[in-house]
Amino acid sequence: MLDTEEKRERARKMGIKDPRKKYAMQDMVQGDCVFSATGVTTGSMLQGVRFRGGMNRDRNRGHALGHRHGTLDQGRAPPARQVQAGVTRLWREDRSPFMDAKPTRRVFLGVEQSATGRVWRDRLDERGTLRSLSIVQRHALPELLARIVAGRDIEPDDVGAYLDPTIKGLMPDPSSLTAMDAAAARIADAIMRNEAISIFGDYDVDGATSAALLGTFLRRAGVEPLIYIPDRIFEGYGPNVPAIRSLAERGTRLLVTVDCGTTSHEPLTEASRLGLDVVVIDHHQADEQLPPAVAVVNPNRLDDVSRLGHLAAAGVTFLVLVAINRELRVRGFWTEARPEPDLLDLTDLAALGTVADVVPLKGLNRAFVAKGLIVMRRREHAGLTALMDVARLSGPPEPWHLGFMLGPRINAGGRIGRADLGAQLLMTEDPIEAGRIAAELDRLNRERQTIEQATLAEAEAEAMAALGIEEKGAVVVTAAAGWHPGVVGLVAARLKERFGRPAFAIRARARRQRHRLGPLDPGRRSRPRGAPRGRSRVAHQRGGHAMAAGITLKRGALGAFRAYLEETLAPMVESARREDALLIDGAVSATAANIDLHATIDRAGPFGAGNPEPVIALPGHAIAYAEPVGQAHVRARFRAGDGAIINAIAFRAVGQKLGDALLNNRGQPVHVAGCLAVDRWQGQERLQMRIIDIALADPVKRMGVASDASVGAISRSAVPAGCRTTAAR
């Protein structure tokens, strides 16, 4: 019985209809109350129950009465009554009103409008907070780490696998991908027959790493492949007929495309006519009609049910290698003289392609990155070692190094230099040759930065003129004839960051206009539900994936294209901007922000797309120092009430709202939000915050002391010494 008002109030928040009534198990199934519990039951409450996530591991092992931790056969579960992992979900007219309530995230530190115009919210809603407490109790984690884990929707049962993602534990059966067995068999045939194999890759990092993965494996199997990377400017993306004919003339018998080929109907038809067998390894969006090929391995083809569509091409290629390796093992190919390669040694390439292509770091992707970084730290790969040296990495490689230091240098070859330089670097085993190629890529990257900055200045000016002072409009569409096609994608990404809208940067050509879309794909994230997947009424060509896309328009169609985007995307963009909030994982003071705290937070890594880096707040810290530095950055120091100082930096903030707020409020108390990182310099390590946002602090709420209406303290018993965390309630 609920014998106190406090218990009754808590019960009402949990959705219990009548707190004065004593409930039985069956009442949960009927929807009269909601709760979660652990332990052994008689099985009666499990009628019509289905579990998700880690609870599904005993699926199809029998009735719950016979297998106490098993689940019922889904075919026997009445669809009208189903529950998920302890929270009742009723698909009936009389379901509990609690189940229709949308979880709410409370305003954090009372910040309803920050320097960048956003509201700050606690990443955890009510359910997330309960989940974090359960994680603390079951796994004895520090509370801040538990909040971070819970904020990534990790259930208590899955915490162990999340904190230590392993290839072995997360590797699916490669045969779960459609056409995988056919692809592995054909490539294994070519290896055993010593056929001439050509690899056709894309000119970006994912394409280069995918080509190097397959090429390295073939080399270890005794076959020296020919790698072909098309020129971005003169050939464009994917296979083309002249290139196919050239490869056929050079004796190619098997053509394998990586990170491209899914929509290359005409070139692959020509390959078939010339007698080439084709295997496509890709991850881009596919149409209903696939090109002629022995196999098209693509988790995003419409008939694939592997649920691996989040993999980059490098990840898909790694699975293909597992399948080929297995096929060759079955055929007795590997011998003492020709030992079977350790595929885990190639996870450094899979990690680089995964991070650089900005695919979600979940499941197998997290394992690729976590284990790939370990391999990379051994410095055994000549090309990657040379690249890390020219990039002047000051410590062991981390995920952000891959995305912001190594990846751009490999991309530089495809953007403004020789497209095949990246693949060459990743394939070479000669340290001297690797150093030469890495130095050239470093030079090209500096040239690319200069071109990008000039182009971005023009694009921003055009965008501001088009949007006006009030910045009205759903999309940003900019165009110019003189822009370099190798940087328009980067410019689109910068415009998206600057204006908070889908952005296009367009380079007009004499006969056509090539359009590059930044970090948004209208084919997935912005397509209205139920909208057709067929050819657009304004696009001549288009394609891509969730984080990048390209489109080609005929000259004169730009106006219609812009109008189409405004009409199609306006409701979604308006909704997204209205709901835009900065989600905060926790708060600390400068006193508690140290290397040990960073190590604790880092246990939830690797961080990236799909597994966001934790955002930590510094409540009520004074801006002790703020000055521009480098290329449009702002370096700052924040002082806590006890005098402790933390160093910080805001990248590309000069001239932006964030930079102006930092420079114009020196000495003022502010709330700071950002990510903690280790700054290594001349053998020394110190903690630094990468600033995301700031907000003027109410003096009453300084140093995390706030009214009960806005901020409440989390128990600090499991938090590292000196660490103070706060959360809205």
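Predicted model: local features only at pLDDT ≥ 70, side-chain atom pairs only at ≥ 80, totals over all residues.
Student: What makes strand E4 (residues 197-201) count as mostly covered?

Tutor: Five of the five residues of E4 are buried, where buried means under 20% relative accessible area, exposed over 50% and partly exposed in between, with a 1.4 Å probe and protein chains only. Residues are numbered from 1 along each chain as its sequence is written, and side-chain values use heavy atoms, with hydrogens and water left out.

Student: Which residues of E4 point one way, and which the other?

Tutor: Ile197, Ile199 and Gly201 point one way, whereas Ser198 and Phe200 point the other way; all are buried.

Student: How do you know that E4 is paired with E6 and with E5?

Tutor: Two strands pair if DSSP finds at least two bridges between them. E4 and E6 have five bridges, in the parallel sense, and three bridges join E4 to E5, also running parallel; both pairs therefore meet the requirement of at least two. Phe200 stands opposite Thr257 in E6 and opposite Tyr228 in E5.

Student: What is the order of the strands in the sheet, and what is the sense of their pairing?

Tutor: Five strands form an open sheet in the order E5-E4-E6-E7-E8, and the pairing is parallel. Strand E5 (226-228) and strand E8 (295-297) stand at the edges with a single partner strand each, so one side of each has no neighbour in the sheet. On average, neighbouring strands of this sheet are turned by 20 degrees against each other, direction ignored; the axes are lines fitted to C-alpha atoms (for helices over the stretch in contact), with angles from 0 to 180 degrees between N-to-C directions.

Student: Over how many bridges do E6 and E7 pair?

Tutor: Strand E6 (residues 254-258) and strand E7 (residues 277-281) pair in the parallel sense over five bridges. Leu255 has Val278 in E7 as its bridge partner.

Student: Why is helix H9 described as largely enclosed?

Tutor: Of its 16 residues, 14 are buried, so H9 is largely enclosed by the rest of the structure.

Student: How does the span of H9 compare with what is expected?

Tutor: The expected span is 1.5 Å times one less than the number of residues. H9 (residues 205-220) reaches 22 Å from its first C-alpha to its last, close to the 22 Å expected. After H9 comes Gly222, with a positive phi near 95 degrees.

Student: Why is Leu218 called buried?

Tutor: The relative accessible area of Leu218 is 1%, so this residue is buried. Leu218 lies in helix H9. Contact means heavy atoms within 4.5 Å; apart from neighbours within four places in sequence, Leu218 is in contact with Ile187, Ile191, Ile197, Ile199, Val223 and Pro225. Leu218 and Ile191 are 27 residues apart in sequence, yet 7.4 Å apart in space, C-alpha to C-alpha.

Student: How many disulfides are counted?

Tutor: A disulfide is a pair of cysteine sulfur atoms within 2.5 Å, and the count by this rule is zero. Cys260 has a relative accessible area of 1% and is therefore buried; Cys675, with 7%, is buried as well.

Terms used
Helix = DSSP H or I, 4+ residues; strand = E, 2+ residues; numbered from the N terminus.
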